[in-house]
Amino acid sequence: LSVILSGSQFNGCDFSSSTFSSVKLQASQFNSCSFSSATLFDSDLRGAIFDECSFTSTRLLRCDLRGAVFRRCAFSDYVFADTALKETIFQECSDN
C-alpha cells in the first residue's frame, strides 16, 4: 500500500520522528518544514522542492530524489542510503 501525495504543498510542517514508507511525493513542495529524527523509506520524491527545511538525525533510505532541489536547508547527523540523487540540487545548504 502506498500513499500518493504528489504535487502537494507543505508549509511549516513538523514531521519530526515521523516515518514515511512507500509515499509518493513527486513534485511536492516543502517550505520551512522539520524532518528531525524522521525516516523516509522507499519513497518517491522526484522533483520535490525543499526550502529552508531542517534534516537533523534524518534517515532517507531507498528513496528517489532525482531532480529534487534543496534550498537553504540545514543538515546534521543525517543518512542517505541507497538513495537516487541524480540531478539533485543543493543550494546554500549547511552541513553541521
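Arginine 46 is partly exposed, at 34% relative accessibility. Its salt-bridge partner is aspartate 44, with 2.6 Å from N to O. This is a predicted model. Six salt bridges occur in it, but zero disulfides. Five strands build an open, parallel sheet, and the largest nonpolar core has 22 residues.

- Aspartate 44 is buried, at 10% relative accessibility.
- Arginine 46, in contrast, counts as partly exposed.
- Both residues belong to a network of salt bridges that links Asp44, Arg46, Asp64 and Arg66.

**Arginine 72 and aspartate 51**

- A salt bridge joins the side chains of arginine 72 and aspartate 51, at 2.9 Å from N to O.
- This pair links distant parts of the chain, with its two residues 21 residues apart.
- Arginine 72 lies in the loop between strand 10 and strand 11 (74–76).
- Aspartate 51 lies in strand 7, which covers residues 49–51.
- Arginine 72 has 37% relative accessibility and is partly exposed.
- Aspartate 51 has 16% relative accessibility, so it counts as buried.
- Beyond its close sequence neighbours, up to four places away, aspartate 51 touches Phe30, Asn31, Ser32, Arg71, Arg72 and Cys73.

**Arginine 62 and aspartate 42**

- Another salt bridge connects the side chains of arginine 62 and aspartate 42, at 3.7 Å from N to O.
- Here too, distant parts of the chain are linked, and the residues are 20 residues apart.
- Arginine 62 sits in the loop between strand 9 (59–61) and strand 10 (69–71).
- Aspartate 42 sits in the loop between strand 6 (39–41) and strand 7.
- Arginine 62 is partly exposed at 43% relative accessibility.
- Aspartate 42 is partly exposed as well, with a relative accessible area of 33%.

- The five strands follow the order 2-5-7-10-13.
- Strand 2 (9–11) and strand 13 (89–91) stand at the edges.
- Each edge strand has a single partner strand, so one side of each is left without a neighbour in the sheet.
- Neighbouring strands are turned by 5° against each other on average, direction ignored.
- Strand 2 pairs with strand 5 (residues 29–31) in the parallel sense, over three bridges.
- In this part of the sheet, glutamine 9 stands opposite glutamine 29 in strand 5.
- In general, strands of a sheet pair through backbone hydrogen bonds, either parallel or antiparallel.

- Leaving out residues up to four places away in sequence, phenylalanine 35 touches Phe15, Phe30, Leu40, Phe50, Cys53, Ser54, Phe55, Thr56 and Thr58.
- Phe30 is also among the contacts of aspartate 51.

**Cysteines without disulfides**

- A disulfide is a covalent bond between the sulfur atoms of two cysteines.
- The structure holds zero of them.
- For cysteine 53, the closest cysteine sulfur is in cysteine 33, 4.7 Å away, which is too far for a bond.
- Cysteine 53 is buried, with a relative accessible area of 2%.
- Cysteine 73 is in no disulfide either, as the nearest cysteine sulfur, that of cysteine 93, is 4.7 Å away.
- Cysteine 73 is buried, with a relative accessible area of 1%.
- Cysteine 53 is in contact with phenylalanine 35, while Cys73 is in contact with aspartate 51.

Definitions and conventions:
Residues are numbered from 1 along each chain as its sequence is written. This is a predicted model: local features need pLDDT of at least 70, side-chain atom pairs count only at pLDDT 80 or more; totals for chains, interfaces and linings use all residues. Side-chain values use heavy atoms; hydrogens and water are left out. Helices (H or I, at least four residues) and strands (E, at least two) are DSSP runs, numbered from the N terminus. Buried means under 20% relative accessible area, exposed over 50%, partly exposed in between (1.4 Å probe, protein chains only). Contact means heavy atoms within 4.5 Å. A nonpolar core is a set of buried Ala, Val, Leu, Ile, Met, Phe, Trp, Tyr and Cys residues joined through side-chain atoms within 4.5 Å. A disulfide is a pair of cysteine sulfur atoms within 2.5 Å. A salt bridge is a side-chain nitrogen of Lys or Arg within 4 Å of a carboxyl oxygen of Asp or Glu. Two strands pair if DSSP finds at least two bridges between them. Axes are lines fitted to C-alpha atoms, for helices over the stretch in contact, and angles run from 0 to 180 degrees between N-to-C directions.
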